[in-house]
Amino acid sequence: MASRRKGREYALQMLYQRDLAQLLPEEVRDLFWVSRKTDATTRAFAEGLFREVVQRVDRIDDLIGRHARHWKLERMAAVDRNVLRLGVCEFLLGDAPPAVVIDEAIEVARKYSGSESGEFVNGILDSVRKELEAQANGEEP
C-alpha cells in the first residue's frame, strides 16, 4: 500500500500546484513528472486521483463547504483544502473504505501541513462521510 500513500501525496502536490499557480491540469501533470520518478502503478494512481478531483471539483467543494463550519474554502490553508478534496473524491469513487480514506488524509495532512491539520481534516471528512452514507441509504443527512 505504500504506492497508494505515495500516489496520494503526489496527487496532493499536483493539486497544490494547480491551486496556487492556476495552471491547466495538463500543464501541471507535465511539469510535475519532469522532476519525479516513480513506478507506473503509483503514477497512474496519482494521476487518476488528480484527474478525478479536477473533474469533480465543484461537487467536492460544495460538500466540503457545507461541512467546514466557520471556514470558507478559499480561506483554508491550500494543503488542507486539497487534502480534503482528495478525501472527498475518494469517498465519491468508493475504491477504498471510508476509514482508510480518512486515516490516509489525516497522515498526509500531518506530514504536509501540521498536527492540527489532522484534526481539522478528520472532522470535516467524517461529517462528509456521514452525509454521503445517509444519502446512499436513502436517509436525510
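The structure is a predicted model, in which local features need pLDDT of at least 70 and side-chain atom pairs count only at pLDDT 80 or more, while totals for chains, interfaces and linings use all residues. Residues are numbered from 1 along each chain as its sequence is written, and side-chain values use heavy atoms, with hydrogens and water left out.

Helices are DSSP runs of H or I with at least four residues, numbered from the N terminus. Helix H4, comprising residues 78-93, contains 16 residues and reaches 22 Å from its first C-alpha to its last, which is close to the 22 Å expected at 1.5 Å a residue, the expected span being 1.5 Å times one less than the number of residues. Of the 16 residues of H4, 15 are buried, so the helix is largely enclosed by the rest of the structure; here buried denotes under 20% relative accessible area, exposed over 50%, and partly exposed the range in between, with a 1.4 Å probe and protein chains only.

In helix H2 (residues 25-32), the residues Pro-25, Val-28 and Phe-32 are buried. Viewed down the axis of H2, its buried residues fall within an arc of 65°, so they line one face of the helix, where the arc is that of the directions from the helix axis to the C-beta atoms. The exposed residues Asp-30 and Leu-31 are carried on the face of H2 turned away from its buried side.

Rolling a probe the size of a water molecule over the atoms shows where empty space is left. A cavity is defined, on a 1 Å grid over the protein atoms alone, as a set of points where a 1.4 Å probe fits but cannot get out, and its lining residues have an atom within 4 Å of a point. Grid points are joined across faces, edges and corners, and a volume is the space filled by probe spheres set on the points. The structure holds one cavity of 30 Å³ or more, and the largest cavity has a volume of about 60 Å³. Its lining is formed by Arg-8, Leu-12, Val-83, Leu-86, Gly-87, Glu-90, Val-101, Ala-105 and Val-108. Two or more residues of this lining are given by each of helix H1 (2-21), H4 and helix H5 (98-112), and H4 gives the most, with four residues. The lining of the largest cavity divides into six nonpolar, one polar and two charged residues, with Ala, Val, Leu, Ile, Met, Phe, Trp, Tyr, Cys and Pro counted as nonpolar, Asp, Glu, Lys and Arg as charged, and the others, Gly among them, as polar.

Side chains of opposite charge can pair when their charged atoms come close. The structure holds 16 salt bridges, each defined as a side-chain nitrogen of Lys or Arg within 4 Å of a carboxyl oxygen of Asp or Glu. One of these joins the side chains of Glu-104 and Arg-8 (3.4 Å, N to O). Glu-104 lies in helix H5 and Arg-8 in helix H1, so the pair ties together parts that are 96 residues apart in sequence. Glu-104 is buried, with a relative accessible area of 14%, and Arg-8 counts as buried at 6% relative accessibility. Arg-8 and Glu-104 are also linked with Arg-5 and Glu-90 in a network of salt bridges.

Lys-6 is partly exposed, with a relative accessible area of 31%, whereas Glu-9 is buried at 3%. Arg-129 is buried, with a relative accessible area of 17%, whereas Glu-133 is partly exposed, at 35%.

Positive phi values also occur in loops. Gln-22 has a positive phi of about 55° although it is not a glycine; Gln-22 is found in the loop between H1 and H2 and is exposed, with a relative accessible area of 62%. His-70, likewise a residue other than glycine, has a positive phi near 70°; His-70 lies in the loop between helix H3 (40-67) and H4 and counts as exposed at 82% relative accessibility.

Key:
On a 1 Å grid over the protein atoms alone, a cavity is a set of points where a 1.4 Å probe fits but cannot get out, and a pocket is an open set with protein on both sides within 12 Å along at least five of seven lines; lining residues have an atom within 4 Å of a point.
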